[in-house]
Every structure is written in C-alpha cells, then in structure tokens.
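User: I would like to go through this structure with you step by step. Could you begin with the terms and then move to the details?

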Amino acid sequence: MHSKLLLIFVKNPVAGEVKTRLARDVGSLNALQIYKQLLRYTREVASAADADRQVWYSSKIDRRDAWSEEQFLKKLQKGDNLGERMSEAFRQGFEQGYQKIVIIGSDCAELTAGHLERAYQALENRDAAIGPSEDGGYYLLGLTSFEPGLFRGVDWSTSHVFQQTLEKFEAFKMSYDVLETLNDIDTVDDLKRSSLGIQ
C-alpha cells in the first residue's frame with residue numbers, strides 16, 4: 001500500500017443532476033456533456049498521481065464506467081452534506097493507514113498533476129494543503145491526520161468555504177500551505193474561460 005491516497009469525489013453523470021447552474025444557460029443535456037468532459041479530464045489527471053486512488057460516487061457505484069478498477073478503488077459517499085461526505089472519506093483513509101490524503105472534485109479543468117504533486121510535497125512539513133477556487137470554495141484539500149471539526153459548521157456551496165476552512169486551520173493550530181487559485185466550471189462564463197466546450 002502507498003503512503004499517499006488521492007480521493008476523487010464525483011457525481012453520477014445524470015442529466016438534470018449535474019452542473020445545474022450551467023444547465024440553466026446551456027440546457028441539462030449540454031451540461032451533462034460538459035460534466036462528462038470534466039470527468040474524463042479529472043480521470044486523466046488523477047491517473048498520473050503518485051498515490052493510491054479512490055473514486056467516491058455520489059449516489060451509486062458504477063462498475064462498468066471508464067474508471068478502471070485496476071487504478072481506482074470505488075466507494076460510495078456517505079453523509080447528509082458535502083462536509084459529512086468528505087469527513088467520512090478522510091476518516092476511512094486514515095483508518096486504512098494512509099499518511100497523506102488529498103481530495104479533489106471533478107469540476108476543475110485547470111487542475112494538473114503538478115498541483116497534486118505540490119499538495120503532497122506541502123504535506124511533507126505541513127498539516128494541511130488547500131487549493132482555493134475563484135468562487136470562494138476550494139478544489140483541493142490535503143491532510144496528514146483526521147480532524148472532523150474541519151468539516152463542521154462550514155457553509156458548503158457558498159463563497160465562504162475557503163475562508164471558513166482557513167479559520168478552522170487556525171483554530172485547530174494546524175500548519176498549512178495555500179496552493180494556486182484555480183477556477184471551477186459552474187457557469188457559462190467559467191466555461192468560456194476554460195479549454196472545454198460544448199461538443
């Protein structure tokens with residue numbers, strides 16, 4: 001077993017249930033196609049990570065999709081909100097014996113294998129690493145130990161998530177590095193700025 005673990009949180013690709021803000025402008029079917037592109041991109045980036053990998057599905061595990069079970073252990077998210085679901089994934093990872101765990105989502109077309117490498121490097125001498133998104137959230141979080149309080153009392157899916165998480169790092173006296181700010185794809189404007197398009 002590797003000492004490093006990469007957690008990838010994905011939504012099951014169903015029209016009307018993914019990229020709902022984007023779908024208001026481009027329609028749910030186009031939004032689904034964009035999300036499938038993001039899944040492909042995220043899979044390519046994750047495949048290059050020097051770590052064990054787990055893909056965590058939002059509603060059901062798909063044994064026949066493009067996430068190879070030789071490369072990705074498949075798991076199901078558990079919890080009533082994003083914080084609870086991420087907390088559970090980190091808890092299980094540290095219980096399994098991993099020493100450095102990084103989590104990413106599947107919304108960022110600017111994420112590269114280099115960002116993952118920098119996060120793991122930061123965890124060599126920091127308790128945490130975090131990659132802020134331009135919308136006030138974060139696209140990456142890395143930890144060296146399980147701290148469930150990081151995931152409680154956060155206004156998930158708002159522009160306060162990154163700042164509230166920094167405040168929790170300070171409250172728990174955790175050392176941390178902040179990585180480059182990147183942009184998730186949630187709106188048409190995000191899409192126009194990205195390398196993705198409607199195919």
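Analyst: The radius of gyration is taken over C-alpha atoms, and the globule rule is 2.2 Å times the number of residues to the power 0.38. With 199 residues, a compact globule would have a radius of gyration near 16 Å, and the protein agrees because its own value is 16 Å. This is a predicted model, in which local features need pLDDT of at least 70 and side-chain atom pairs count only at pLDDT 80 or more, while totals for chains, interfaces and linings use all residues. Residues are numbered from 1 along each chain as its sequence is written, and side-chain values use heavy atoms, with hydrogens and water left out.

User: What does the C-alpha trace span along its principal axes?

Analyst: The trace spans about 45 × 35 × 30 Å.

User: How many helices and strands are there?

Analyst: The protein has 6 helices and 7 strands. Helices (H or I, at least four residues) and strands (E, at least two) are DSSP runs numbered from the N terminus. From that end, the order is β-α-α-β-β-α-β-α-β-β-α-β-α.

User: What share of the residues is buried?

Analyst: Buried residues make up 49% of the 199 residues. Buried means under 20% relative accessible area, exposed over 50%, and partly exposed in between, with a 1.4 Å probe and protein chains only.

User: And the surface: how much of it belongs to carbon and sulfur atoms?

Analyst: Carbon and sulfur atoms hold 44% of an accessible surface of about 9,700 Å². Accessible areas come from the Shrake-Rupley method with a 1.4 Å probe, and for residues only the protein chains shown count as cover.

User: What about contacts between residues 24 or more positions apart?

Analyst: Such pairs account for 65% of the contacts with a separation of 6 or more. Contact means heavy atoms within 4.5 Å.

User: Changing topic, how many positive and negative side chains are there?

Analyst: There are 25 positive and 30 negative side chains, and the centres of the two sets lie 4 Å apart. Lys and Arg count as positive and Asp and Glu as negative, whereas His and the chain ends are not counted. The place of a charge is taken as NZ of Lys, CZ of Arg, CG of Asp or CD of Glu.

User: How many aromatic pairs does the structure hold?

Analyst: The structure holds 5 aromatic pairs. W67 and F72 form an edge-to-face pair, 4.9 Å centre to centre with 85 degrees between the planes. Rings of Phe, Tyr and Trp (its six-membered ring) pair if their centres lie within 6.5 Å; planes under 30 degrees apart count as stacked, over 60 as edge-to-face and the rest as tilted.

User: Are W67 and F72 buried or exposed?

Analyst: W67 is buried, with a relative accessible area of 3%, and F72 is buried at 1%. F169 and Y176 form a tilted pair, 4.9 Å centre to centre with 35 degrees between the planes. F169 is buried at 0% relative accessibility, while Y176 is partly exposed at 23%.

User: Which residues of α5 are buried?

Analyst: In α5, V161, F162, Q164, T165, L166, K168 and F169 are buried. The buried residues of α5 pack against β5 (128-132), β6 and β7 (176-178). After α5 comes K173, with a positive phi near 55 degrees.

User: Where else is phi positive, and where does K19 sit?

Analyst: K19, which is not a glycine, has a positive phi of about 50 degrees. K19 is found in the loop between β1 (4-10) and α1 (20-26), and K19 counts as buried because its relative accessibility is 9%. S157 has a phi near 65 degrees and lies in the loop between β6 (138-143) and α5 (161-171). S157 is exposed, with a relative accessible area of 75%. Most residues other than glycine have a negative phi.

User: Finally, what is D50 in contact with?

Analyst: Leaving aside its neighbours within four places in sequence, D50 is in contact with H2 and K4. D50 lies in the loop between α2 (28-47) and β2 (52-57) and is exposed at 52% relative accessibility. D50 and L7 are 43 residues apart in sequence and 13 Å apart in space, C-alpha to C-alpha.
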